[in-house]
Amino acid sequence: MRNLKFLGIIPLLFTVFYLASCSSENDVVKRLTSKQKETYAQNISGEYPGRYVIVYKNKDCVEGTDEEGRPITVAHSETFSGIQVDVSDNNMLHVFFQDFPIFLISKVVTDEGLSHALAESTQQAITARYGFDYDTDYSHVKWAFIPNVMLLNLNYDGVDHHIRIEFNNNSQYYKFTEDELKQPKAFCSLAKNGITLQLEAIYDGPTLIQRFGYENGNYMHIVFKAD
């Protein structure tokens, strides 16, 4: 009798094992190989000339209406040509947004002393780390970057200030097909449509001075477009 009961359980065990196997196969996450990442990084590396299109809002912005008559704030827009973005290979995995006009940030900073100090600052690079991964359907490869903090030592109001400027990637990632990533200078086709950053926050040491882009506050969007 015990043997009969045991034999009756065997088909059930096979069913459970089969379902578990199917579940495990479906849960497998496909990853890019190290060789793929190295090849893709090599193909997007290079120097890319272009321009910045910088859109920002401050207290000087005027109120207007859109095409449907709804109230909007008309933001400022400035273009800076003759700049370059450098994309490093797999040894560094960094992007260098060269010659960013730091002085323009003075337009959106509300702290008067910091604003004056930034207005006298020279152009600097915004650096960022980048990486690759598959998109959810595995038909495209995602490319995303994370901007590094920019550090400035400024003296104003008779005091040295250790300024930290934080940017973000606008919560965006960009898609390539694997065929596109096999082509030299693959980054160029992506950058022609624009790579976007945002000014996020400014700190003086550990102290938050200003956060941007929240509610009705000031903001700054930075778009690099390759020529």
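Trainee: Which residue in the turn of the hairpin between strand 11 and strand 12 has a positive phi?

Mentor: Most residues other than glycine have a negative phi. Here the residue is Gly-205, with a phi of about 65°. Two residues separate strand 11 and strand 12 in this hairpin. Helices (H or I, at least four residues) and strands (E, at least two) are DSSP runs, numbered from the N terminus. Note that this is a predicted model: local features need pLDDT of at least 70, side-chain atom pairs count only at pLDDT 80 or more, and totals for chains, interfaces and linings use all residues. Residues are numbered from 1 along each chain as its sequence is written, and side-chain values use heavy atoms, with hydrogens and water left out.

Trainee: How many bridges join strand 11 to strand 12?

Mentor: Two strands pair if DSSP finds at least two bridges between them. Strand 11 and strand 12 (residues 207–211) have four, and they run antiparallel. In this pairing, Ile-202 stands opposite Gln-210 of strand 12.

Trainee: Which residue of strand 11 does Ile-165 stand opposite?

Mentor: In a regular strand the side chains alternate between the two faces of the sheet. Ile-165 stands opposite Ile-202. Strand 9 (residues 159–168) pairs with strand 11 in the antiparallel sense, over six bridges. Strand 13 also pairs with strand 11 in the antiparallel sense, over four bridges. There, Thr-196 has Val-223 of strand 13 as its bridge partner.

Trainee: How many residues of strand 11 are buried?

Mentor: Buried means under 20% relative accessible area, exposed over 50%, partly exposed in between (1.4 Å probe, protein chains only). Nine of the 10 residues in strand 11 (residues 195–204) are buried. The strand is mostly covered.

Trainee: How many salt bridges does a search of the whole structure find?

Mentor: Side chains of opposite charge can pair when their charged atoms come close. A salt bridge is a side-chain nitrogen of Lys or Arg within 4 Å of a carboxyl oxygen of Asp or Glu. The search finds seven. One of them joins Arg-31 and Asp-133, at 3.6 Å from N to O.

Trainee: Why does the pair of Arg-31 and Asp-133 tie together parts that are 102 residues apart in sequence?

Mentor: Because Arg-31 lies in the loop between helix 1 (2–26) and helix 2 (34–44), whereas Asp-133 is in strand 6 (residues 124–134). Arg-31 is exposed at 55% relative accessibility. Asp-133 is partly exposed at 27%.

Trainee: Where do Asp-227 and Arg-51 lie?

Mentor: The two form a salt bridge, with the closest N and O atoms 3.1 Å apart. Asp-227 is in the segment after strand 13 (219–226), and Arg-51 is in strand 1 (residues 46–57), 176 residues apart. Asp-227 is exposed at 53%, and Arg-51 is partly exposed at 28%.

Trainee: Is Asp-135 buried or exposed?

Mentor: Buried, with a relative accessible area of 4%. Asp-135 forms a salt bridge with Lys-175, the closest N and O atoms being 3.0 Å apart. Asp-135 is in the loop between strand 6 and strand 7 (141–147), and Lys-175 is in strand 10 (residues 174–176), 40 residues apart. Lys-175 is partly exposed, at 45%.
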